[in-house]
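Colleague: I have a few questions about this model. Can we go through them one at a time?

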Amino acid sequence: MRQMGPSLATAVVNRMDFACGVKGKVENVNPLSAQRDGTGESATRLLSDREKTARKSVTRSLRQGLTDTSPIVVRLRRIALGAGLPAREWAEGLKSARRNPIIEALAALWRKEAPGEAAEILVREEEEHPMNTKTSIIILACAGVLTFALTQPSIVPTALADPNTANPQLQLESQWPSLGGDYTRSGLSPNEGLIEPAGEWSREVGGAVVGSATVGHDGRIHVACEDGRLYTLDAGGATLWTADVNAPLLSAPSIGPDGRLFVGSRDGRLSALDPNGSVRWTHGTGDAIYSSPAIASNGNVYFGSTDGKLYALDANGAMLWSFETNALANLQGAVFASPSIGADGTVYIAGLYDPTLYALDPADGSVKWACSFALYPENPDDPNSTRTGGWPFASPVIGPDGTIYQTLLYDCHLYAIEPSDGTIRWSVDLLDTPAIDKTAMEFDPYADGWSEPVIGPDGTIYVSLDDPYLRSVDPSGALKWIIRLGDVGGFTLTVDANGLVYAACDDGCVYVVDADGRQIGHWQTAGWPAYPIVTADGAVLVTDSQDYSMLITDATNTVQTLSVDSLQEPASEPDDMEANQI
């Protein structure tokens, strides 16, 4: 694998101030209370307290000789997202740093495709030159055929494509239908991992995979890529078909009860595809869709957009309602989280820049309750000052008793929320423990929650911040144990039916930890594994995007399975290998 050279290393460090502010401007302010400063500057100021952390991450990554896809690349992109920069302003601001490949990659990621103008032209023509009914029908029919021909994604069957379309009468139970498994987002697999050797395979895809893969009822694997294609593989990794939607795909594809697929793209469209890859319908929003849709049993579709809204559509793509989250100062609201659905149909969602979890009535989108995480006075010396709190980036996760668990950016707590009224049952500080050496160089006092917690078969919650520690929390809110896994962190998690926890890490490893906090083994992959899924045969499926930030143009992005027969011994640690029991 390619490593960072000295010149690139210097460029990364020297450009860190640029990544933390517009045109290199970094202000020592609390980002949660960033307001328009009266000089015309929009509220794009970032956490200068996180700049130090980012610099430390760069230094550590370079010292460890990590690849061009080291965690700082991901951090830079996430910093850009968190800045609230308009895409055009971000891309234009980066022109001054064209010699830096990281900055060029970030600019490429933020470029937006020009929107189509054909529909606007047709509407304008009709308004300016009204036609009679018969002519209108003919013109609209021709326009519909033309639009279908121009916009229908190309279907590339390379094996046995499923000839069947979705059947609304057929209720299929997918193995892993969306981000986090089912629409509680619990991350709990019904399958047992590591039970016996399973056939390993690796399949190249044409672009980085931003979200999780998903698995249908028949074992088919669906992968959405930034090359604009949705790939469907059989259980052995052979490509069945691909569908090109002509825009980078950013969300995990979700599988409806009738087998249809739903996926969001950078151009703000949600696409619904039949099981054979043909597009059934699309719905446009005002900005990119990172949110993985949640599909109700009646076929209704709920998803968020970075335009700040949650959308509810019926099974045919018609709008039912939308709900708009709030924002801070002059920042536009944005929803990156994926909505969750409770046992009674309640839809849970939270928006970035809005420190609130909302419970929405699925019938009309009205607010049942709102749980505010704005708990702390902005001015510590004035308890009556404006209160601030963390930002919800990860999805809400629903436990077996209905409790909702939430992690936040700029907040090191895990919150448990009462589903009946939205009160906070408890919160636990995931850094406040003697098990973490706060004098160690790798300790990050600003570690926060980028990924979803997962829930074990016994109700135990497993959670990580963007540090090298995996935590176990019992349902009452007490920390049970903490274990350090590597030096980098950035875990995405899942739990199998036997309580084994799988932690895919930014260091290229997938770690396996038992319910008592003992690491029992790990796999070392060639890139940046994420979102592990335990398959029916006991293998672990991961997406492995080596060019997540498009730094290496010839990199190979893969979907691969890992088997017990290739599981390596527990990775050695500088300190005690055993978990620290609390």
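Colleague: What is the relative accessible area of L313, and is L313 buried or exposed?

Modeller: This is a predicted model. Buried means under 20% relative accessible area. L313 falls under that cut-off, so L313 counts as buried, with a relative accessible area of 0%.

Colleague: In which strand is L313, and which residues does L313 touch?

Modeller: L313 sits in strand β13, residues 309–313. Leaving out residues up to four places away in sequence, the residues that L313 touches are L270, W281, H283, N300, V301, F303, A318, M319 and L320.

Colleague: How far apart are the C-alpha atoms of L313 and G299?

Modeller: Along the chain, L313 and G299 are 14 residues apart. Between their C-alpha atoms the separation is 8.8 Å.

Colleague: Another open sheet has four strands, β7 to β10. Which are its edge strands?

Modeller: The order is β7-β8-β9-β10, with antiparallel pairing. Each edge strand pairs on one side only. The edge strands are β7 (254–255) and β10 (279–284).

Colleague: How many bridges pair β8 with β9, and which residue in β9 stands opposite G264?

Modeller: Strand β8 covers residues 261–264 and strand β9 residues 269–273. They pair in the antiparallel sense over four bridges. In β9, the residue opposite G264 is L270.

Colleague: How many aromatic pairs are there in the whole structure, and why does the pair of Y348 and W369 count as tilted?

Modeller: A search of the whole structure gives 13 aromatic pairs. Planes under 30 degrees apart count as stacked and those over 60 as edge-to-face, with the rest tilted. Y348 and W369 have ring centres 5.9 Å apart and planes at 40 degrees, so the pair is tilted.

Colleague: How many residues apart in sequence are the parts that this pair ties together?

Modeller: At 4% relative accessibility, Y348 is buried. W369 is buried too, at 8%. Y348 lies in strand β16 (residues 347–350) and W369 in strand β18 (residues 367–372), so the pair ties together parts separated in sequence by 21 residues.

Colleague: What is the angle between the planes of Y405 and W426?

Modeller: Y405 is buried at 4% relative accessible area, and W426 counts as buried at 13%. Y405 is in strand β22 (residues 404–408) and W426 in strand β24 (residues 424–429), 21 residues apart. Their rings form a tilted pair, 6.0 Å centre to centre, with an angle between the planes of 50 degrees.

Colleague: How far apart in space are G402 and S420?

Modeller: G402 lies in the loop between β21 (397–398) and β22. At 18% relative accessibility, G402 counts as buried. G402 and S420 are 18 residues apart in sequence, and C-alpha to C-alpha their distance is 8.8 Å.

Colleague: Which residue in the turn between β31 and β32 has a positive phi?

Modeller: Strand β31 (residues 509–513) runs antiparallel to strand β32 (residues 519–524), joined by five bridges. V512 stands opposite G521 in β32. The two strands form a hairpin with five residues between them, and the residue with a positive phi, about 90 degrees, is G517.

Colleague: Which residues lie closest to the centre of the second largest pocket?

Modeller: The pocket holds about 530 Å³ of space. Its lining divides into eleven nonpolar, nine polar and two charged residues. Of the 22 lining residues, the closest to the centre are E173, S174, P177, D182 and Y183.

Colleague: Last one: what share of the chain is buried?

Modeller: The secondary structure comes to eight helices and 36 strands. The chain has 582 residues, and the buried share is 60%.

How values were computed. Residues numbered from 1 in each chain as written. Predicted model: local features only at pLDDT ≥ 70, side-chain atom pairs only at ≥ 80, totals over all residues. Heavy atoms only, no water. Pairing = 2+ DSSP bridges. Phe/Tyr/Trp six-rings, centres within 6.5 Å; stacked < 30°, edge-to-face > 60°. Buried < 20%, exposed > 50% of the residue type's maximum accessible area, 1.4 Å probe, protein only. 1 Å grid on protein atoms, 1.4 Å probe; cavity = no way out; pocket = protein on both sides within 12 Å on 5 of 7 lines; lining within 4 Å. Points joined across faces, edges and corners; volume = space filled by probe spheres on them. Nonpolar A, V, L, I, M, F, W, Y, C, P; charged D, E, K, R; others polar. Contact = heavy atoms within 4.5 Å.
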